[in-house]
Amino acid sequence: MGAGTGPGTGADTTADGRTITTRIPARLDRLPWSHWHWTIVIGLGTVWILDGLEVTVVGNIASRLSEPGSGLAISSSQVTGTAAALYVAGACTGALFWGRLTDRHGRKKLFMITLAVYLAATALTSVSFAPWWFFTFRFLTGFGIGGEYAAINSAIDELIPAYYRGRVDLVINGSFWVGAVGGSLLSIVALDTDFLAKDVGWRLTFALGVVLGLVILLVRRNVPESPRWLLIHGREREAEEIVTSIERQVAAEKGVPLPEPAGELVIHQRASITFAEIARTVFHDYRRRAVLGFSLFVGQAFLYNAITFGFGAILTKFFDVPTGHTGYYFVVIAVGNFLGPLLLGKLFDTVGRKVMISSTYILSGLFLFLTAWLFGRGVLTAGTLTACWCVVLFFASAGASSAYLTVSEIFPMETRAMCIAFFYALGTAAGGISGPLLFADLTGTGKVADTVLAFQIGAGLMCAAGLVAAALAVKAERRPLEDIARPLTAAAPDTP
């Protein structure tokens, strides 16, 4: 056994660098669920709650910001238009920028930095005194959040045992809607001038995001670097120490010996992987999987825009719901969104990825087609339309969350963060740019037929994505990441 290696890891030196034989991935995957895994979920997964809080709060306080006495000379359309577009642009840019750095410099370093960027930008948003200041820090808030997606999804998939990976990933991504519920309720209180002045309430909503972020930052300090990432970057001693520490904690908690790990991996360590190699791997070697990722992200992006973009306008124009009451309806559909991943998540690990991904996409599309038909016939009320949306989004949210799970597990480890970033940016751009441009025109006309068409477009793309998943989805349930997509640095077990 070479110097600097621990139990289960052997190493020798070749002309191209160090070659190690390791059982560390298998040791991580055979662990039973423990308190330590809950620490990972809380430390890493709660950022989606912040994202949901951010997006919802800004949408709900738009009218208040535009009022005289708000302390900010800005129009409602600038908040929901310019500022929202800049947040989306920041998220897309941040995902790509930080995603590449995450693959090069590690998961932990980047998920600490990106959270710090989010915290600083949100804090500075709360003290906005002019539109340009508000716009600048909305972009930078999105820039931090976009980077979080790449770093966090990578770390979660590489630390959570294969047996639980699907359900955990789905619930964490679905927790965005917990933040959306919180943002809606928080906005109701913050906008009540009986409690808070016009120029104070909206600032406090951003300040609360900072407080929650600081709590997450403190918990996140205890989350280790991904041992899988350490292995391929020549830091197997650190990987060994981390995994041994985790095993001791889990064994002490369970009070029984841990099962033996099954399988080992031979890796030629490399300092970095070129961008050209990443692109060739994803779009040439794994092009069918790239088509799958593209389809899933675009399908869910357009479905969500078909429903949620202008949902308030639909309620007010067609059902005479007062503007101040639309937030209550949003809380209801947000709850439906979260229940989908929560209740269906386990099935992605038991029934399987292919069946569940395709069925959640197709079912949500079919139910949206039904909703469009009922809406067109004029038989729905504000309450029954919201109920229909809940059913659609119950399945759609599980499907959309599985899109993030899919692109984070079906490509080689060296490309993982960049793949998450690329497909996230693609989906966010489709949903945040082309989607609103299309659906704003359709839902804004006040014509029933145009709104029906908006629903049908979203439903059709979701069904199409489901059919692609039925043909191309990978059976990744309960399988080690290294079996789903062999690392680029991996060699045959008998390589000297």
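Predicted model: local features only at pLDDT ≥ 70, side-chain atom pairs only at ≥ 80, totals over all residues.
Helices α4 and α10 (227–232) each supply at least two residues of the lining of the largest cavity. The volume of the largest cavity is about 70 Å³. Twelve residues line the largest cavity, and those closest to its centre are Asp-103, Arg-104, His-233, Ile-273 and Glu-414. By class, the lining of the largest cavity consists of five nonpolar, two polar and five charged residues. In total, the structure has three cavities of 30 Å³ or more.

Across the whole structure, a search finds 31 aromatic pairs. In one of them, the ring centres of Phe-97 and Phe-143 are 5.6 Å apart and the ring planes stand at 35°, so the pair counts as tilted. The cut-offs matter here, because planes under 30 degrees apart would count as stacked and those over 60 as edge-to-face. Phe-97 belongs to helix α4 (residues 76–105) and Phe-143 to helix α6 (residues 131–159), so the pair ties together parts that are 46 residues apart in sequence.

The packing of two other helices can be followed next. Two packed helices are described by the angle between their axes and the distance between the axes. For helix α17 (residues 353–377) and helix α20 (residues 448–472), the angle is about 165° and the axes are 8 Å apart. That angle makes α17 roughly antiparallel to α20, because angles over 145 degrees count as roughly antiparallel. The crossing of α17 and α20 is left-handed. In the contact of α17 with α20, 20 residues are nonpolar, ten are polar and one is charged.

Pockets, which are open, are treated separately from cavities. The second largest pocket has a volume of about 290 Å³. Its lining is made up of 16 residues, and Ala-26, Ala-262, Gly-263, Pro-480 and Asp-483 lie nearest the centre of the second largest pocket. Two or more lining residues come from each of α1 (24–29) and α21 (481–484). Helix α1 gives the most to the lining of the second largest pocket, with three residues. The lining of the second largest pocket divides into six nonpolar, two polar and eight charged residues.

How values were computed. Residues numbered from 1 in each chain as written. Heavy atoms only, no water. Axes fitted to C-alpha atoms, helices over the stretch in contact; angles between N-to-C directions. Helix = DSSP H or I, 4+ residues; strand = E, 2+ residues; numbered from the N terminus. Parallel < 35°, antiparallel > 145°, perpendicular 65-115°, else oblique. Left-handed = near helix turned anticlockwise from the far one by under 90°. Nonpolar A, V, L, I, M, F, W, Y, C, P; charged D, E, K, R; others polar. 1 Å grid on protein atoms, 1.4 Å probe; cavity = no way out; pocket = protein on both sides within 12 Å on 5 of 7 lines; lining within 4 Å. Points joined across faces, edges and corners; volume = space filled by probe spheres on them. Phe/Tyr/Trp six-rings, centres within 6.5 Å; stacked < 30°, edge-to-face > 60°.
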